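Subject: Structure for your review

Dear colleague,

Please find the structure below, together with its sequence. A summary of the findings follows it.

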2 protein chains.
Amino acid sequence: SSKEVWKKGGRVFSILLAINLVLLSCTLVSGGAFQEVKLHDYDVFFMLIIVMLINIAWMLFYIFRTSRLQGAIPCKDNHAGPIWLRGGLVLFAVLSLVMDAFKTGYYSSYYKCLSPIRIMFPVVQGVFVITQTVFLWMSAQDCIHKHLNLTRCGLMLTLTTNLAVWMAAVTDESVHKAESKNPIANVTHRMALLMMRAASQAENCACKSQLCKIFQNGYYWLYPFNIEYSLFASAMVYVMWKNVGRLIDPHDNHIHQLKFKLFRRTYFLGTIVGFLVLVTGIAVLIVYEIQVNSKEDSKRTDQVLTMYFGFNIICLSLMSAICIAGSIVYRFDKRDMDHHKNPTRTLDVALLMGAALGQYAISYYSIVATVASSPRDTINALNLSYSLLMLAQPTFQNIFIIEGLHRQPPEEEDKVDPQQKDIYGLTFVNMNAVSLRVPESLSALPPSALPGLAIQTSEARRSLKASKKMNWRRRFLKEISVFLLLGNAILWVMPAFGARPQFDNKTELAFYGYPMWAAIVDICLPFGIFYRMHAVASLLEVYIMS
Amino acid sequence: SSKEVWKKGGRVFSILLAINLVLLSCTLVSGGAFQEVKLHDYDVFFMLIIVMLINIAWMLFYIFRTSRLQGAIPCKDNHAGPIWLRGGLVLFAVLSLVMDAFKTGYYSSYYKCLSPIRIMFPVVQGVFVITQTVFLWMSAQDCIHKHLNLTRCGLMLTLTTNLAVWMAAVTDESVHKAESKNPIANVTHRMALLMMRAASQAENCACKSQLCKIFQNGYYWLYPFNIEYSLFASAMVYVMWKNVGRLIDPHDNHIHQLKFKLFRRTYFLGTIVGFLVLVTGIAVLIVYEIQVNSKEDSKRTDQVLTMYFGFNIICLSLMSAICIAGSIVYRFDKRDMDHHKNPTRTLDVALLMGAALGQYAISYYSIVATVASSPRDTINALNLSYSLLMLAQPTFQNIFIIEGLHRQPPEEEDKVDPQQKDIYGLTFVNMNAVSLRVPESLSALPPSALPGLAIQTSEARRSLKASKKMNWRRRFLKEISVFLLLGNAILWVMPAFGARPQFDNKTELAFYGYPMWAAIVDICLPFGIFYRMHAVASLLEVYIMS
């Protein structure tokens with residue numbers, strides 16, 4: 001009991017630490033974002049550098065001391081940190097490191113006029129990214145049982161550091177974007193503006209050399225990857241935190257050695273249509289960016305917006321229809337539901353539902369403005385349809401993904417005798433009348449409780465394995481997942497790399513006024529972008545489980 | 001299994017309904033708050049009237065049809081809707097009805113110039129408040145088992161309606177407050193401003209008669225009760241929603257027939273000091289309001305702010321010290337922890353932790369501004385101490401309340417033989433090595449598993465009952481709870497009835513600029529106010545359980 005009490009105590013303590021750090025960095029970041037406020041962005045950098053250094057020290061301590069103690073890791077959570085998540089983390093980490101290198105190069109090209117903290121920050125961040133990636137690669141599945149409270153606090157510190165870095169990066173990007181879209185400032189291209197700011201900041205130092213400009217453009221385009229890196233790392237660290245001191249019943253924790261067999265079997269429709277959408281989307285994005293940014297010609301902007309909305313509407317309608325189809329297929333799927341405790345999945349579902357709220361909020365504000373505004377032209381009609389679909393599609397997709405994540409993987413399914421399944425079903429009904437918490441207790445039932453079935457099962461297994469073939473349902477679900485995955489990828493790329501129809505289309509700006517609409521978009525859009533990235537990761541899991 | 005699947009499905013569906021309704025009302029409310037936006041506040045009222053009417057219809061259907069079906073309510077959750085919560089709800093409902101009457105009177109005194117929706121809204125709201133209070137009084141403990149999905153959606157609709165009413169009321173109040181505190185507008189008293197707004201809105205109709213002015217002042221001062229009513233109702237409806245379709249093991253659901261014996265035994269210190277603080281606080285509030293609002297004399301404002309901060313600092317320090325003392329006493333308390341499933345308690349804890357965030361955020365912004373600002377005078381020093389204590393006190397208080405809520409009530413404690421307890425403790429240690437989820441499985445242990453103890457216990461019970469006397473520890477905890485309860489009450493009264501040192505003290509205003517600081521305070525303060533109210537309710541529960 002005292003251990004249980006202290007578990008709660010340790011958790012509460014580390015949460016309090018995290019809350020305070022998040023609020024402090026939130027204050028500094030939001031204060032630093034406004035020029036009127038007498039806070040500078042290097043106040044934030046200073047705090048982040050200190051926190052990162054503490055973090056690096058703790059992670060090294062964990063790797064070399066805590067995890068090597070005797071009995072430190074009695075078990076591992078096989079659901080945590082799957083290989084594709086860790087792979088994605090490494091990919092984003094590499095791109096973040098490139099960004100840090102570019103940033104260091106950019107700032108050191110006029111180091112004389114800048115505070116040294118600006119150059120130190122990307123260097124320290126680089127070390128932090130390397131340490132953290134190694135740490136997560138090695139320890140993402142650990143259920144640690146030593147130094148409990150220190151580990152909890154360390155993990156919460158890591159989580160909040162990542163969130164603070166994410167906040168700082170998002171704010172920095174939003175300030176750039178918003179300034180270039182602000183109707184008051186008559187600057188045509190955001191790069192020009194960025195240079196102007198840097199110039200005004202550093203007075204007589206400007207970024208003139210070719211190398212410096214490459215650095216500047218490079219780090220600007222690599223921002224989105226760094227943002228996603230922070231969020232991926234946060235999610236993995238959170239799962240580790242949940243697993244601190246956890247003891248896993250080995251029966252619950254079956255390892256699914258599912259291979260990623262994308263190229264073994266040939267899939268046609270999903271992959272091909274998906275790649276088509278992806279390529280078209282990238283083309284649309286390039287045309288859109290060039291046209292919107294190069295000239296302030298209102299007619300051309302309208303054309304380009306029509307194209308952008310048109311592409312998105314087609315893409316979203318297709319994806320919605322397919323999500324509905326997938327959910328219907330799941331209705332007829334007789335696979336058992338998986339009700340085991342699984343912090344990773346709980347977090348996935350919560351993040352999908354939570355991050356979608358950002359997109360929902362933008363859509364609702366957009367819908368209200370479009371309906372209430374008077375000129376009912378094509379652009380407004382397209383904008384309205386786009387906003388409605390942006391409400392509908394994430395909803396259907398979430399339902400589809402949640403259903404997919406709660407299925408038992410097919411390997412197990414194949415091994416279960418149909419007769420045994422019926423008896424299981426029967427037990428279910430009877431016990432259901434007694435308690436609703438049956439699934440857990442049922443899974444804990446020792447196999448010896450059904451002695452007559454043990455022999456039958458092993459016989460049936462062989463016959464089933466012989467006739468094991470991929471039925472059309474699984475094939476369909478796999479095709480769907482691949483298509484949705486690619487669709488979400490393009491819907492991530494577009495806003496992450498700078499498309500802001502919310503500002504180029506003037507309806508909402510005129511309706512809410514610039515400050516309010518900018519605040520809404522700047523706060524909600526990062527969540528919308530994260531939603532797409534997270535949907536990609538979850539769909540990959542659904543694909544592998546189908 | 002299929003029932004379990006549909007339970008999740010029904011929940012997800014009703015949550016989606018709630019999310020969409022909340023976002024829509026959030027859009028309308030926030031849009032209506034700004035004069036530049038072409039949304040009027042009667043757009044919100046129109047939506048709210050429709051939603052309320054649907055809600056009333058559903059609640060009547062529930063009372064007269066669903067709950068009367070055979071087998072509709074096989075069990076009740078005795079933790080839900082305790083009598084003091086329902087009592088508080090009725091009290092706030094009565095005050096809300098008075099407010100609605102005043103509002104109707106106020107608006108109908110110049111009904112010619114206003115849209116009829118403005119008069120309809122308080123009338124419909126009155127009917128809604130009556131229906132909902134009756135509904136919650138009768139059904140707060142129900143675990144309904146018929147019309148599951150309809151009930152879930154109905155409850156979520158009720159929840160979101162209450163939240164929307166809360167949002168509308170808070171925004172309305174914030175607009176009034178903020179306008180009177182805006183340094184740009186040179187209006188000295190908010191009532192004058194309110195009349196000015198009403199006059200400009202209704203052109204040649206003004207509130208001139210004495211009756212009309214009474215109505216106007218009256219409904220303004222009754223606002224805080226209506227705000228708390230909505231939140232209390234939301235919390236109770238949420239617990240009902242969690243209980244839909246729940247089957248409770250009668251063993252888990254022991255009824256605590258604890259009487260509210262405030263006047264039976266005599267308590268001195270806690271009650272007396274608490275009332276002293278309460279009365280002083282009200283006096284401070286009245287002086288503060290009159291002085292700050294009447295004259296724009298900077299020196300007098302400083303004096304009054306010194307008084308306000310001084311009182312708060314003393315009050316908060318005292319409360320912090322006492323919370324720490326209480327937590328230390330709990331450390332030595334040998335009562336068993338209560339780990340049964342209890343949605344009410346989970347919600348209480350989550351609300352306490354969540355609502356405190358609002359206060360934390362204001363404090364952090366305040367601290368950063370105070371530290372970074374140059375004039376280090378007395379007011380700034382007091383403001384800094386106040387902000388730091390506003391961080392510390394809710395933290396200590398939350399720890400104290402959470403510990404208190406997780407204890408078994410003393411009645412059970414008295415019945416347990418010390419010897420039996422030791423054996424329980426021993427079992428605990430052994431089983432702890434096997435699994436961390438022991439407490440649940442232990443409580444499910446049938447009493448027959450320990451046959452030797454059954455006789456001992458019944459013997460020991462009598463001897464213990466004879467020597468039953470309230471020990472000093474329980475007495476101390478009760479005194480603490482009463483004092484904290486009264487302390488939180490005065491900390492609720494002050495901001496709820498209009499004290500805004502955040503605006504009267506110019507440091508933060510100058511540092512962040514008016515729009516940003518107003519946004520921070522207006523969004524975060526309602527949560528801070530709710531935190532105090534909710535702490536009062538939770539402390540009452542801790543008091544009764546000690």
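The side chains of A:D77 and A:R246 form a salt bridge, with an N to O distance of 3.4 Å; the term denotes a side-chain nitrogen of Lys or Arg within 4 Å of a carboxyl oxygen of Asp or Glu. A:D77 sits in the loop between β1 and α3 (83-108) of chain A, and A:R246 in the loop between α7 (210-243) and α8 (269-294) of chain A, so the pair ties together parts 169 residues apart in sequence. Helices (H or I, at least four residues) and strands (E, at least two) are DSSP runs, numbered from the N terminus. A:D77 is buried at 1% relative accessibility, and A:R246 is buried at 12%. Here buried means under 20% relative accessible area, exposed over 50%, and partly exposed in between (1.4 Å probe, protein chains only).

Two points of method apply. This is a predicted model, in which local features need pLDDT of at least 70 and side-chain atom pairs count only at pLDDT 80 or more, while totals for chains, interfaces and linings use all residues. Residues are numbered from 1 along each chain as its sequence is written, chains are lettered from A and ligands numbered from 1 in the order in which they are written, and side-chain values use heavy atoms, with hydrogens and water left out.

Over all chains, a search of the whole structure finds four salt bridges. One of them joins A:D142 to A:K76, whose closest N and O atoms are 3.2 Å apart. This pair links distant parts of the chain, with A:D142 in strand β2 (residues 142-143) and A:K76 in strand β1 (residues 75-76) of chain A, 66 residues apart. A:D142 is buried at 4% relative accessibility, whereas A:K76 is partly exposed at 36%.

In chain B, a salt bridge connects B:D142 with B:K76, the closest N and O atoms being 3.2 Å apart. B:D142 belongs to strand β2 (residues 142-143) and B:K76 to strand β1 (residues 75-76) of chain B, so the pair ties together parts 66 residues apart in sequence. B:D142 is buried at 4% relative accessibility, and B:K76 is partly exposed at 37%.

B:D333 is buried, with a relative accessible area of 12%. Leaving aside residues up to four places away in sequence, B:D333 touches B:R407, B:R473 and B:L477, contact meaning heavy atoms within 4.5 Å. The C-alpha atoms of B:D333 and B:R473 are separated by 8.1 Å, although the two residues are 140 residues apart along the chain.

Yours sincerely
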